[in-house]
Amino acid sequence: MSRMIADFKAFGLAYLRSRTGFFFALIFPVILILVFGAIFSQTGTQKIDLPVQDLDNGTWSQTYLAKLNATGAFTIDMISPDVDFNRYIKDELKVLALQIPSGFNESVNNATRGHGPPATIILKGDPTNTYFTVGMGVANAVALQLNSTVVAMVQTENLGSPQYTFIDFFVPGMIAFTALTTPMFSMSSICSEYRNRGFFKLLGSTPLKKSEWLTAKILWYTVLMLASIAIMYVVGIAAFSAHFTITPMAILLVIVGVFLFTSFGMFLGVFVSNPESASALANAIGFPMMFLSGIFFQLESMPAYLQYIAKALPLTYLAEGLRATMSLGNDVVAATDLVILLISGLILFMIAARAMSWKGK
Amino acid sequence: MAEVVLDAKGLTKTYGDMNAVDNLDLQVFKGEVYSMLGPNGAGKTTTVEILEGLRNPTSGTAKVFGFDVQKDYDKVRSRVGVLPQTFEPWDRIRPPEAIEYWAGLFGRKISKKEIRGLLEMVDLAHKDNVWGERLSGGEKRRLGIAMALVGEPELIFLDEPTTGLDPQARRGLWEIIHALGDAGKTVFLTTHYLEEAENLADRVSIMNKGKTVVSGSPEELVNLYGGGTHVVLKSAGEEGFVALEKLGYKSTFHNRDVTVHVPALMRTKDFMAQINQSGVAYKDFETRRPSLEDVFFNMVGGRMEEGVLKQ
């Protein structure tokens, strides 16, 4: 333990004295939050993701959905009638979703003949969200155009979701982004530099064990990330009145994320010959991962094949889990993501620790 | 009989077709300064890294304090200090911080006073506020020695500690190594500087092409393999040179001085008597005892210049 603490202290000291490391760990994410927050907080022109559960599945409901789809305002995703829809909306972090109740067809027919009130379509979600308001307007307009008389109307159901703005989406993503870049980019270079400059051999001549060295690095990056989260939290609240909170689950996710990406960086560093190549390789892997994992925009807005790729990337689960717990209070989704990250991290750690050698050949 | 600290038998390290270390045997005893001398590429660093547990041999065995370096090195690592050939300190760590760090790795709590003492020993106390990257080459090596000593090791490996240093810095390091020897530490020193080995080592092994050519104390080696004394006859002139050649002595002529090689088995006194009887005129004479350089030349068949073997 004392050996690990000694390594942690010395490494941390050297790291903080490196202006580059300090900048990218603590300052750069804040700059991105300020820039992206300012750009995207006021916009909302993309298609709205709309999960639909049709419990009636009759002629009128299909007609309605076809007309709704024809507006081009929504990306409709059909959800099975067997699914607990309210639970689904919460788990999948949807700001709005549409449900067509059973008996819809009969109600429309009755209303058409003047034998009853207009049928009801239910729009569920967060009424305070801009997307919800826009979605309700379009859904109601389509309902009114079903027939020459009013045969259907949209009712809203508030599921009590908190207000979910771009910054609430973006800051947890930025935390995930920093948990990727800081440990992974720097570990890949460090491993390569340590090998080239003989530091591994030097360390190998002491009683310090490889596992202790690795744990000290993971500990250091965890502490650094927690400081980074605190700064991002303050900036998000102060500059954009964000609504997220730092939860114990968020801390756990960050720790596991740091563990995973430190191991990943170490894994990359083992196979490259110099720090420049390590940095280039980390960039080549890290940057596409950032964009494909929904850090800057929602995965649902991507083509389907890219969404499949995103599902294979660990950063996707870290960003999703952090958003779930920090912005939407949904620790069930976050816990699932945590397990996926932990398993991936353990596998990577074992591979990297096995591949890395302090001995010469 | 002194305790054996290092014991290698049939140590071999092969890379492809090349034997970097070729069936090497060596023993180092407690409290001695042992120097492995040889040109670049002789296999010194490979040997030392095997003995430090940082490289596996292809065959053969090596034991440190009786423990096999491949299987049980963890049991003795805290008793060994290492200064690698390519030692560099961390860029943004100051010397006192580096020493505290290294002490921590050896599980030692070290006081400010002890740190100061170590820095004074290696003459770095005045650099306690300077980052590692801003130290000179000699200062870096001295810091490396301080770090190697911080775990209070019984055995210290110094792999070419003075290579590339200016003469003053080299002398400074020699003093430190002398002090280590005086303190009863066992020191394993590799070098390609003959005068360094001669000055510092209790025993020397000359290594070339992965093999030990010869080993023993510097005095033994000089006596056995130095090839005798050189006598310089001042102003003996060309006539003297010709006369000595006729007497069967191998001589060189330079600036009117003649340098004569006196065979190892002949006493200098007897040689001078013979010269005086033969009538060779000279103004003065001086003798030069052979050194390790002569041993090296005689045994390896070349001279070393900054680690490069010149045949």
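A salt bridge here is a side-chain nitrogen of Lys or Arg within 4 Å of a carboxyl oxygen of Asp or Glu. By that rule, the structure holds 28 salt bridges over all chains. The model is predicted: local features need pLDDT of at least 70, side-chain atom pairs count only at pLDDT 80 or more, and totals for chains, interfaces and linings use all residues. Side-chain values use heavy atoms, without hydrogens and water.

**View 1. A salt bridge within chain A.** Asp7(A) pairs with Lys217(A) in a salt bridge, and their closest N and O atoms are 2.3 Å apart. The two residues are 210 residues apart and link distant parts of the chain. Asp7(A) sits in helix α1 of chain A, Lys217(A) in helix α9 (residues 210-240) of chain A. Helices are DSSP runs (H or I, at least four residues) and strands likewise (E, at least two), numbered from the N terminus.

**View 2. The contact of chain B with chain A.** Chain B gives 30 residues and chain A gives 25 residues to the contact (heavy atoms within 4.5 Å). Together they bury about 2600 Å², 58% of it on carbon and sulfur atoms. Buried area is the accessible area (1.4 Å probe) that two parts lose on being put together, summed over both. Leu54(B), Trp90(B) and Leu105(B) supply 25% of the area that chain B buries against chain A, more than any other three residues.

**View 3. Salt bridges across the interface.** Five salt bridges cross between chain B and chain A. On the side of chain B that touches chain A, β1 (4-15), β6 (80-83) and α2 (95-105) of chain B each give two or more residues. The largest share, six residues, comes from α2(B).

**View 4. The second largest pocket.** Its volume is about 760 Å³, the space filled by probe spheres set on grid points joined across faces, edges and corners. A pocket is an open set of points on a 1 Å grid over the protein atoms alone, where a 1.4 Å probe fits, with protein on both sides within 12 Å along at least five of seven lines; lining residues have an atom within 4 Å of a point. Of 32 lining residues, Tyr15(A), Ser18(A), Gly21(A), Ser186(A) and Ile190(A) are the closest to the centre. The largest share of the lining, nine residues, comes from α7(A).

Definitions and conventions:
Residues are numbered from 1 along each chain as its sequence is written. Chains are lettered from A and ligands numbered from 1 in the order in which they are written.
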